[in-house]
Amino acid sequence: MTDGAGTRAQRRFARWYPDLMQRAEDAGQAEIRARHLAAARGRVLDLGTGNGFSVPHYPAAVTELVMVEPNPGLRRRLQRRTADIRARAWEIVDGDAYDLPFADASFDTVSASLVFCSLDRPEAALAELARVVRPGGSFLFHEHVRGTGLLRVLHEVATPLQSLIADGCHLNRDFLGLLESSAFRVTEVERLRMPGPPARVTPMVVGVAVR
Ligand SMILES: C[S@@+](CC[C@H](N)C(=O)[O-])C[C@H]1O[C@@H](n2cnc3c(N)ncnc32)[C@H](O)[C@@H]1O
């Protein structure tokens, strides 16, 4: 949990991430989010909401949107986007993926976009998401992952620097492998490249897993 201004890494990340990612959003990332998040239903948890790029894409079938974001600078920017929320009820929470402040089986849908790259203990976060979603509920995932061949080597080499400038982001994360070893069952997965330069070299997996 972070109070006040957040850590130095969080402050640095909040300064550049929204503007840089806006380019990918404009180049097609927003459409990917809209298509993917159309499946969200009922009470929804969005983990690591950031400044809220996903927020306008949740459909009206979402009755309550709970957004967890530990970075104070990004949380402030998220507050400015709440007019875009279509859910009847919503809440912004300063929480932590490893210790979610919610009851077991209390969500119909859990969702994360570009979050698992940033976590030191992704297995623990997956276990927390599996705890708070109801049996039969969905996990909508949208993550960038390590490449193959030469790109994988590049991702391994660049991860320490990326981690430093992007608040712990790992370019070399095998998210799908972690998900397949979790309590979720993957039912849909699309392999894409993040749209827009310079992100085009970044492979992504976008899909659905069921608890
Ligand atoms: C790359 S940003 C993605 C933000 C947003 N989901 C998006 O799609 O633009 C990663 C987000 O994960 C959040 N995050 C990092 N560590 C976290 C943790 N332990 N618990 C919850 N969120 C975390 C960061 O603060 C940041 O907002």
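**Briefing: strands, core and ligand shell**

Six bridges join strand E4 (residues 107-113) to strand E5, and the two run parallel. Strands and helices here are DSSP runs, numbered from the N terminus: helices are H or I of at least four residues, strands are E of at least two. Two strands pair if DSSP finds at least two bridges between them. The model is predicted: local features need pLDDT of at least 70, side-chain atom pairs count only at pLDDT 80 or more, and totals for chains, interfaces and linings use all residues. Residues are numbered from 1 along each chain as its sequence is written.

- E5 covers residues 133-144; nine of its twelve residues are buried, so the strand is largely enclosed by the rest of the structure. Buried means 20 or more other C-beta atoms within 10 Å of the residue's own, exposed means 12 or fewer, and partly exposed lies in between, with C-beta atoms placed from the backbone.
- Ser-138 of E5 stands opposite Thr-109. In E7, the bridge partner of Ser-138 is Val-210.
- E7 (residues 203-210) pairs with E5 in the antiparallel sense, over seven bridges.
- Helix H3 (residues 122-132) forms a right-handed β-α-β unit with E4 and E5. Right-handed means that, with the strands pointing away from the viewer, the path from the first strand over the helix to the second runs clockwise.

**Strand E2 and its partners**

- Five of the seven residues of E2 are buried, so this strand is also largely enclosed by the rest of the structure.
- E1 (residues 42-47) pairs with E2 in parallel over six bridges. Val-44 has Leu-65 as its bridge partner in E2.
- E2 also pairs in parallel with E3, over five bridges. Met-67 is opposite Ile-92 in E3.
- From E2 the chain crosses through H2 to E3, a right-handed β-α-β crossover.
- Helix H2 (residues 72-79) has Gly-73, Leu-74, Arg-75 and Leu-78 as its buried residues. Their cover includes helix H1 (8-37), E2 and E3.

**Nonpolar core**

- The largest nonpolar core has 42 residues. Such a core is a set of buried Ala, Val, Leu, Ile, Met, Phe, Trp, Tyr and Cys residues joined through C-beta atoms within 7 Å.
- Val-44, Leu-45, Leu-47, Tyr-58, Val-110, Leu-129 and Phe-139 have the most contacts inside this core. E2 (residues 62-68) gives the most to the core, with five residues.
- Leu-47 touches residues including Val-68, Ala-97, Val-110 and Leu-129, not counting those up to four places away in sequence. Contact means C-beta atoms, placed from the backbone, within 7 Å.

**Phe-107**

- Phe-107 lies in E4. It counts as buried because it has 23 C-beta neighbours inside 10 Å.
- Its C-alpha atom is separated by 5.9 Å from that of Arg-134, 27 residues apart along the chain.
- Beyond four places in sequence, the contacts of Phe-107 include Val-44, Leu-45, Val-133 and Arg-134.

**Positive phi**

- Most residues other than glycine have a negative phi.
- Ala-105, not a glycine, has a positive phi of about 50°. It sits in the loop between E3 (89-93) and E4. With 15 C-beta neighbours inside 10 Å, Ala-105 counts as partly exposed.
- Leu-114 also has a positive phi, near 60°. Its loop is the one between E4 and H3. With 22 C-beta neighbours inside 10 Å, Leu-114 counts as buried.

**Ligand shell**

- The ligand is surrounded by 19 residues; the closest are Gly-48, Gly-50, Asn-71, Ala-97 and Ser-113. A residue is near if its C-beta atom, placed from the backbone, lies within 6 Å of the molecule.
- The shell divides into ten nonpolar, seven polar and two charged residues. Ala, Val, Leu, Ile, Met, Phe, Trp, Tyr, Cys and Pro count as nonpolar, Asp, Glu, Lys and Arg as charged, and the others, Gly among them, as polar.

Terms used. Contact = placed C-beta atoms within 7 Å.
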